[in-house]
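Morning, everyone. Let me put the structure up, and then we'll walk through a few places in it.

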Amino acid sequence: MLLNLKIQNVAIIDKLEVEFKEGFNVLTGETGAGKSIVIDSVLLLIGARANKDIIRSGEERALVEGVFLVDSNKDKIAELLEEAGVSQEEDDTLIISREITKSGRSYSRVNGKIVPLSFLDKIGALLVDILGQHEHQFLLDSSQHLFILDNFGDEEFKALKERFKQLLEEYRSVVKEKTSLFKDEREKEQMIDLLRYQIQEIESANLSEEEEQQLIERRNILMNYEKLFNAVNSSYKILYEGNGGFSVLDNLHKVVKNLETAFSIDGKLKGLKEKLENILYETEDAALQLRDYLGAIDFNQKALEEIEERLNHINFLKRKYGPTISHILSFKEEKEKELDKILHFEERQKELEEKEAKLWEEINKMGSKIHEKRKTLASHIEEEINKVLKELNMPNASFKVDITKEESPNENGFDRVEFLISTNIGEPLKPLSKIASGGELSRIMLALKTILASSDGIPTLIFDEVDTGISGKTAQLVAEKMAYLSRRHQLICVTHLPQIACMADAHYFISKISKGDRTYIKLTELDYEGRIKELARIMGGEKITSTILEHAKELLEMASKFKNSL
């Protein structure tokens, strides 16, 4: 339920705040006063697109904020909030805000956390349903009728549709692979030759992932042989032979011998003597290892050339098959699988044909189940809508959901759905676009919403001037139907009809005032006397007589009695 709405710098609204009530909320005012701007602001909170043109002239940004009470769809909303990392308030409220800046940037927040616009669309679908004039065009578009009908389906029906979609995707994948198999024997043999050549070229190289690094290290040694030999040989001579004097080992021997003498005098030197003895032994071992290393290394020009040739071949294969040896080996595995598939072409073709036939059979069975479910659903919807249409002063109307099963499926099944209607006895059923007037469309849409609202759990329904083309008794019946709806949902309605306005539980008057060179919007919640005057204005225009005032009062009293009877 929408508890509070704040609007700042949207169109001609500078600042406006309204606290909506439970039940039936009505907005009235002169044409162009800004009533629909309020509805458009709610649309912004539930994911509608916006641009900087909506910002009030002379301002840098527009801001809309709504406080919602989560009193239905709690589990679904909690799941969405958790996925988005949005914290939940202890009092079950959601604070949704939308800011549009002069640069064209838009910022969406839920409970203070910035979220993508797509998130507002998801969560908004669980909070608010808006019925406006644009919905009439939606209803006239027969391509949308299947989706409208399917919205009435239960979880089992939705699961059937999801399974059908999966089967169809799998079927299309099989068909695609089957059609890609070779039809031409010559083309097939050419591909076999190519694959075998690529596999053989990689296999003959006898690659390993460690080899390349080893070759690079060996090449580096050979290319720097002289520098390496001189460094190691010089180190060996310093340690073992000396460089124009005593070697390191000679000096260490002298140090150890001196410490042995010192230790015989002072036993405290034992640890130091042993440490230096260990250094002497390790130095001797290091000198011997350097000598052995010198004996092992040898510059070999032929070996260097072989390494260069091997690395060049590896780089050649990299350019053809992948940036690393690992990629080259993976490429070979893929081509081996591809070759195996072609060599066993007949077996794979047969396997795919069998799978295709099996999937098609399952698709047809699943499609038939969905078709039957839709027929049952359609029958229920027809009965309910025809019942509501009679209540809305269309006693001779006959609404029909026409379901045609087509040969080729799409992700929704085999069905094509179109809504048909006959508004008078003796007239044949025709598409809505061929027969329905604006007033009839309003009532058909209201009937659909009435039925859908009882099952979808959406707490707030907004009606934006859906009273087009109706008056008199019909307007009274529409008002009564909306009042009935408001006992199970919060309704917010923009209207020009006194029959609807008098049913309100909370009545707000929107007016436009000018101060200096600027225009401002004022919103006032009307008391009983204020409602009488506003109803009189709607009925009588500028000239309000005592008779019209009495009639307005009578309308309020009759509406109060009707609502108390619900």
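Start with a side-chain pair: Thr 93 makes a polar contact with Asp 91, side chain to side chain, at 2.7 Å. A polar contact is a pair of N or O atoms within 3.5 Å, where one must be able to donate a hydrogen and the other to accept it; residues adjacent in sequence count only if both atoms are side-chain atoms.

Some ground rules. This is a predicted model: local features need pLDDT of at least 70, side-chain atom pairs count only at pLDDT 80 or more, and totals for chains, interfaces and linings use all residues. Residues are numbered from 1 along each chain as its sequence is written, and side-chain values use heavy atoms, with hydrogens and water left out.

Back to Thr 93. Is Thr 93 buried or exposed? Buried, at a relative accessible area of 13%; the cut-off is under 20%, with exposed over 50% and partly exposed in between, using a 1.4 Å probe on protein chains only. Thr 93 sits in strand β5, residues 93-101. Strands here are DSSP runs of E, at least two residues; helices are H or I, at least four. Beyond four places in sequence, Thr 93 is in contact (heavy atoms within 4.5 Å) with Leu 3, Val 67, Phe 68, Leu 69 and Asn 111.

UniProt, in an unreviewed entry, places "coiled-coil region" at residues 157-219 and 300-355. Such annotations may be inferred rather than shown by experiment. Take residues 300-355: that span is 91% helix and 0% strand. Its end C-alpha atoms lie 62 Å apart.
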